[in-house]
Amino acid sequence: MPRPAWSLQGYQLIEPDEQLDLFACREVRLHLAARQLELGGHADRTLCGGLLPANPRWRPLDRQALADSRLCTNCLARLQAQRRGERPGWSDV
């Protein structure tokens, strides 16, 4: 059975810890990041374009996490756009 082109398995969830990263998100938000790095992409950024924390705590992405109120709305919007097959650029971040 062929695997669909888009899957939640292609992404990971970044959980904030007690010490928020000075250069990354300054709010207690969950962010999404692509599991596989893309050539020519921003490997050190979340889906919304924010910098990854220095020591991110990774968690597999599941449907339950998509309903979490702490999930970054910009990351979720980009995930939904990618699910529709759109490849939004980083210039509008």
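An open sheet of 3 strands, in the order β2-β1-β3, is formed with antiparallel pairing. Strands β2 (31–34) and β3 (57–60) stand at the edges with a single partner strand each, so one side of each has no neighbour in the sheet. Neighbouring strands are turned by 40° against each other on average, direction ignored. Axes here are lines fitted to C-alpha atoms, for helices over the stretch in contact, and angles run from 0 to 180 degrees between N-to-C directions. Two strands count as paired if DSSP finds at least two bridges between them.

The model is predicted: local features need pLDDT of at least 70 and side-chain atom pairs count only at pLDDT 80 or more, while totals for chains, interfaces and linings use all residues. Residues are numbered from 1 along each chain as its sequence is written, and side-chain values use heavy atoms, with hydrogens and water left out.

The protein chain holds 2 helices and 3 strands. Along the sequence, these follow the pattern β-β-β-α-α. Helices (H or I, at least four residues) and strands (E, at least two) are DSSP runs, numbered from the N terminus. Of the 93 residues of the protein chain, 29% count as buried. Buried means under 20% relative accessible area, exposed means over 50%, and partly exposed lies in between (1.4 Å probe, protein chains only). Among contacts in the protein chain with a separation of 6 or more, 60% come from residues 24 or more positions apart. A contact means heavy atoms within 4.5 Å.

Strand β1 covers residues 11–15. Strands β1 and β2 run antiparallel and are joined by 4 bridges. Y11 has A34 as its bridge partner in β2. Q12 stands opposite A33, also in β2. Strand β3 pairs with β1 in the antiparallel sense, again over 4 bridges. There, W58 of β3 is the bridge partner of I14. In general, strands of a sheet pair through backbone hydrogen bonds, either parallel or antiparallel. Strand β1 is mostly covered, with 4 of its 5 residues buried.

Helix α2 (residues 73–83) lies across β1 and β2. Its direction is at about 40° to β2. The largest nonpolar core has 13 residues. Such a core is a set of buried Ala, Val, Leu, Ile, Met, Phe, Trp, Tyr and Cys residues joined through side-chain atoms within 4.5 Å. Within the largest core, L13, L32, L47, L61, C75 and L79 touch the most other members. The elements giving two or more residues to this core are β1 and α2. In soluble globular proteins, nonpolar side chains tend to be buried together. Residues up to four places away in sequence aside, L13 touches L30, H31, L32, R57, W58, R59, P60, L61, A65 and L71.

A search of the whole structure finds 3 salt bridges. A salt bridge is a side-chain nitrogen of Lys or Arg within 4 Å of a carboxyl oxygen of Asp or Glu. One of them joins the side chains of E15 and R59 (3.5 Å, N to O). E15 lies in strand β1 and R59 in strand β3, so this pair ties together parts that are 44 residues apart in sequence. E15 is partly exposed, at 24% relative accessibility. R59 is partly exposed too, at 26%. R70 and D68 form another salt bridge, with the closest N and O atoms 3.1 Å apart. R70 has a relative accessible area of 33% and is partly exposed. D68 is likewise partly exposed, at 23%. R84 forms a salt bridge with E86, where the closest N and O atoms are 3.2 Å apart. R84 is exposed, with a relative accessible area of 56%, whereas E86 is partly exposed at 40%.

R45 lies in the loop between β2 and β3. R45 counts as partly exposed, at 31% relative accessibility. The side chain of R45 reaches the backbone oxygen of G49 at 2.7 Å. The C-alpha atoms of R45 and A34 are separated by 9.0 Å. These two residues are 11 residues apart along the chain.

Technical notes:
A polar contact is a pair of N or O atoms within 3.5 Å; within protein, one must be able to donate a hydrogen and the other to accept it, and residues adjacent in sequence count only if both atoms are side-chain atoms.
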